[in-house]
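Subject: Handover of a protein structure

Dear colleague,

Please find the sequence and the structure below.

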Amino acid sequence: MAAPMVRAAPLWWSLWAPGSLLSAPRKAAKRVGSRWRSGGGGLLSQLHQRGIVQDVFPAAEGGGGLQRLLESAPQTVYCGFDPSADSLHVGHLLALLGLIHLQRAGHRVLLLLGGATARLGDPSGRGSGERGSLSAEAVRNNARGLRSSVHTVFANHHACFCGADQPQAPLTLLDNSDWYQGKGLVDFIDTVGRHFRMGTMLSRQSVQARLKSPEGMSFTEFTYQMFQAYDFYYLNLHHDCRIQLGGMDQLGNITSGYEFIHKVTGQDVYGIMVPLVTSASGDKLGKTAGNAVWLNKNKTSPFELYQYFVRQPDSNIERYLKLFTFIPLPEIESIMVNHGTDPGKRIAQKRLAAEVTKLVHGKEGLESAKRCTSALYHNSVDVLETMSDEELQELFKGASFSENLLEPGTTVLDLCRKANAVPDGPRGYQIIADGGIWINNLRVTKPEQVLVLKQHILTNGLSLLRVGKKNYHIVKWLNMVT
């Protein structure tokens, strides 16, 4: 979180003082279209070719004004995330990648956490149902999680995809609660609200969708676009930020910021829209839709993230390689040609999964995902021996985990009973004899066989026990000496 700014006078007075920005003559915003036409070989055109930039705002001159601004000098570009959960998810990843591409081109990246606006709830992209209210403490905890997600992704990008000595433009994280704390509602409505017109606010697509929903729209949601517009103004004033990046569902909010800043200052600002990532059914990926794949390894393990992209259908792969990786476009074409010779090998999916997992979880996370994949799908005992107990628990979620002392003469039956994998008495003995037990991917049929190191007990001190097809038990031997 940025350090609080020290002011000699309240913010609202400083904005309205003679000669300040809010007291400047107003200028009408330009009438602009909604579709950007790419052209030339500039940064925007390159990102458009990858599919990362879907649209720009305003669309006048085919986006030429924005392109000239990006070419004139390093710019500050911001993207906002409301901490309504304690982690970002795959649905946010494309916005982060858009920021990273801009950072690679030498521009300053500013990421804004909506510590204040998260308590209002953004109606954009929500056909029905208002976001639940969050306490101030919950928002603060969530914001800490989002900071961690962002720093991890940007650090992994620098470590895995850039040269060690390659300089990076700065990344700044701010929280909008810093400038809303202690500000009165009447002051805000007086100084900011008077610049917004009801007809324009009501015409926003997000507002129309919510008004037509059975639940309707609360005043809290309705004011959200005004707060986001002010955020853009504040960052423009204090950080010389002239570009906002967001998903296509943020077009209305970005437009509000453009109109507000243009009325108050006469300055041109811009928006860059990235496409929304949707599921195979067309639903927006996110926690509300119940299909979130998180960027926090404690919520979605590296193995689960890797498998999410490995399982993508062929119809998504070329597009996803362009969107979610830094692989040059000619190399992507080559990957797709190789993939087409034998789609069953999922060459393109595996490359996609590796690149994304490395960005989100680093090289160690990718190696962990590959170990888990080999252990689960290739029955590799060698790989099991390299896995930590944490990795096994991630891989076999729902498996019981127990720690036991290894005593001389411990048998297969003893192991099964210590893990509570079989019932006591003859029934448990019979399950083993009938071949219903696997230890470290090997079927066992002799209940009284003494456990053998490197066969029943891995060199990392673990035993993976399976009963039937899906019931796993993990046993860690505390006193094992190799």
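I begin with an open sheet of 5 strands, in the order S7-S11-S10-S8-S9 and with mixed pairing. Strands are DSSP runs of E with at least two residues, helices are DSSP runs of H or I with at least four residues, and both are numbered from the N terminus. Two strands pair if DSSP finds at least two bridges between them. At the edges stand strand S7 (400–404) and strand S9 (442–444), each of which pairs on one side only. On average, neighbouring strands of this sheet are turned by 30° against each other, with direction ignored. S7 runs parallel to strand S11 (residues 471–477), and 5 bridges join them. Asn-404 has Trp-477 as its bridge partner in S11.

A word on the source is needed here. This is a predicted model, in which local features need pLDDT of at least 70 and side-chain atom pairs count only at pLDDT 80 or more, whereas totals for chains, interfaces and linings use all residues. Residues are numbered from 1 along each chain as its sequence is written, and side-chain values use heavy atoms, with hydrogens and water left out.

The protein as a whole has 20 helices and 11 strands. Of its 482 residues, 51% are buried. Buried means under 20% relative accessible area, exposed means over 50%, and partly exposed lies in between (1.4 Å probe, protein chains only). Among contacts between residues at least 6 apart in sequence, 72% join residues at least 24 apart; a contact means heavy atoms within 4.5 Å.

The other sheet to examine is open and has 6 strands, in the order S1-S6-S5-S2-S3-S4, again with mixed pairing. Strand S1 (55–57) and strand S4 (171–175) are at its edges with a single partner strand each, so one side of each has no neighbour in the sheet. The twist from one strand to the next averages 25°. Angles run from 0 to 180 degrees between N-to-C directions, and axes are lines fitted to C-alpha atoms, for helices over the stretch in contact.

Within this sheet, strand S2 (residues 76–81) and strand S3 (residues 108–113) run parallel and are joined by 6 bridges. Cys-79 has Leu-111 as its bridge partner in S3. S2 also pairs with S5 in the parallel sense, over 3 bridges, and Thr-76 has Cys-241 as its bridge partner in S5. S5 and S6 pair in the parallel sense over 5 bridges, and the partner of Gly-247 in S6 is Val-274. How many of the residues of S5 are buried? The count is 7 of 7, and S5 is thus mostly covered. Helix H11 (residues 224–239) lies across S2, S3, S4, strand S5 (241–247) and strand S6 (270–274), running at about 145° to S5.

Next comes helix H14 (residues 314–324), where Asn-316, Ile-317, Tyr-320, Leu-321, Leu-323 and Phe-324 are buried. Seen down the axis of H14, its buried residues fall within an arc of 165°, so they line one face of the helix. The arc is that of the directions from the helix axis to the C-beta atoms. These buried residues pack against several helices, including helix H4 (90–104), helix H13 (302–310) and helix H16 (347–377).

A nonpolar core is a set of buried Ala, Val, Leu, Ile, Met, Phe, Trp, Tyr and Cys residues joined through side-chain atoms within 4.5 Å. The largest such core has 65 residues, of which Leu-93, Leu-96, Leu-245, Phe-309, Leu-321 and Phe-324 touch the most other members. Apart from it lies another core, of 30 residues, among them Tyr-180 and Phe-232.

Finally, some details of the backbone deserve attention. Most residues other than glycine have a negative phi, and most peptide bonds are trans. The peptide bond from Phe-57 to Pro-58 is cis, with omega near -5°, and Pro-58 is placed in the loop between S1 and helix H3 (64–72). Asp-240 has a positive phi of about 55° although it is not a glycine; Asp-240 is in the loop between H11 and S5. Asn-440, also not a glycine, has a positive phi of about 55° and sits in the loop between strand S8 (437–439) and S9. Are these two residues buried or partly exposed? Asp-240 counts as partly exposed at 44% relative accessibility, whereas Asn-440 counts as buried at 0%.

Yours sincerely,
A colleague
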